[in-house]
Amino acid sequence: MMLLVAALLTPAETRVLREAAGELAFGDGRATAGQHARTVKANDQAQPSPDLDAIMTKVETALAASPLFRSAARPRAMTRLILSRYRAGQTYGLHVDDALMGGLRTDLSFTLFLSDPATYDGGALVIEDTFEARAIKPAAGDLILYPATTLHRVDPLTRGERLAIVGWVQSLIRDPGQREILFDLDQAVDACFARDGKSDQFDRLAKTRANLLRMWAEV
Ligand code: NI
């Protein structure tokens, strides 16, 4: 399942983070690429610093506060986030993300866009499945969540600067089909409660969701 979490950050929050990101020191992005991915990766990434930590803490707080993100990803743990920068001529060619990072299994990848799409050309995130390639270039403050199992790339930038934060989730629910069932149940439970309150139907649905979670969760 691919999901857009629109406005994870407000425009004001996004601007503050983008300006803070602009003050950071950047190094070669190949430092965090796998053996083969590094041959097609040409971007920059922010060097570790207390200012970078402050940015990442704000993003982690926003992720933890997003019901949509939590419902779709059901995070058990997340990797350290990476703040990446592309300038004209930079790109990240077709690759698959490493399956294991820092002791975690990467089930889901996400990209949080910090730059206004009108300020740069190129730079779309292109995700391939067996049927088609989908190019995504959303508003600043939006997050794309997608299966880490996919081949994907970042189109070459031809103008401006593209700042984004990327990270990976190990989900409590390893199987994407099971994760989608629980995501749909979340919507149904919420809609049922909003319509009729704590009805018999709500109790049955909530019980089903809880018991599927017990059946499937890896804790
Ligand atoms: Ni990637």
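Here is a quick look at a nickel site, a threonine and an alanine in this structure. Keep in mind that the model is predicted. The nickel ion takes its protein donors from His95, Asp97 and His152, while Thr106 sits in a loop between two strands and Ala217 comes in the segment after α5.

**The nickel site**
- His95 and His152 each use NE2 and Asp97 uses OD, with these donors lying 2.1 to 2.2 Å from the nickel ion.
- Along the chain, the spacing of the donors reads H-x1-D-x54-H.
- His95 counts as buried because its relative accessible area is 6%, under the 20% cut-off.
- Asp97 is buried too, at 12% relative accessibility.

**Thr106**
- You'll find Thr106 in the loop that links β9 (104-105) and β10 (108-113).
- Thr106 has a relative accessible area of 8%, so it falls in the buried class.
- Its side chain reaches the backbone oxygen of Asp98 at 2.7 Å.
- Setting aside neighbours within four places in sequence, Thr106 is in contact with Thr79, Asp98, Ala99, Leu100, Met101, Ala148, Trp168 and Val169.

**Ala217**
- Ala217 belongs to the segment that follows α5 (200-216).
- With a relative accessible area of 27%, Ala217 is partly exposed, because that class covers values between the 20% and 50% cut-offs.
- Not counting residues up to four places away in sequence, Ala217 touches Leu172 and Ile173.
- Ala217 and Phe69 are 148 residues apart along the chain, and their C-alpha atoms are separated by 17 Å.

Methods. Residues are numbered from 1 along each chain as its sequence is written. This is a predicted model: local features need pLDDT of at least 70, side-chain atom pairs count only at pLDDT 80 or more; totals for chains, interfaces and linings use all residues. Side-chain values use heavy atoms; hydrogens and water are left out. Helices (H or I, at least four residues) and strands (E, at least two) are DSSP runs, numbered from the N terminus. Buried means under 20% relative accessible area, exposed over 50%, partly exposed in between (1.4 Å probe, protein chains only). A polar contact is a pair of N or O atoms within 3.5 Å; within protein, one must be able to donate a hydrogen and the other to accept it, and residues adjacent in sequence count only if both atoms are side-chain atoms. Contact means heavy atoms within 4.5 Å. Donors are N, O and S atoms within 2.8 Å of the metal (3.2 Å for Na, K and Ca); water is not among the atoms, so sites may look incomplete.
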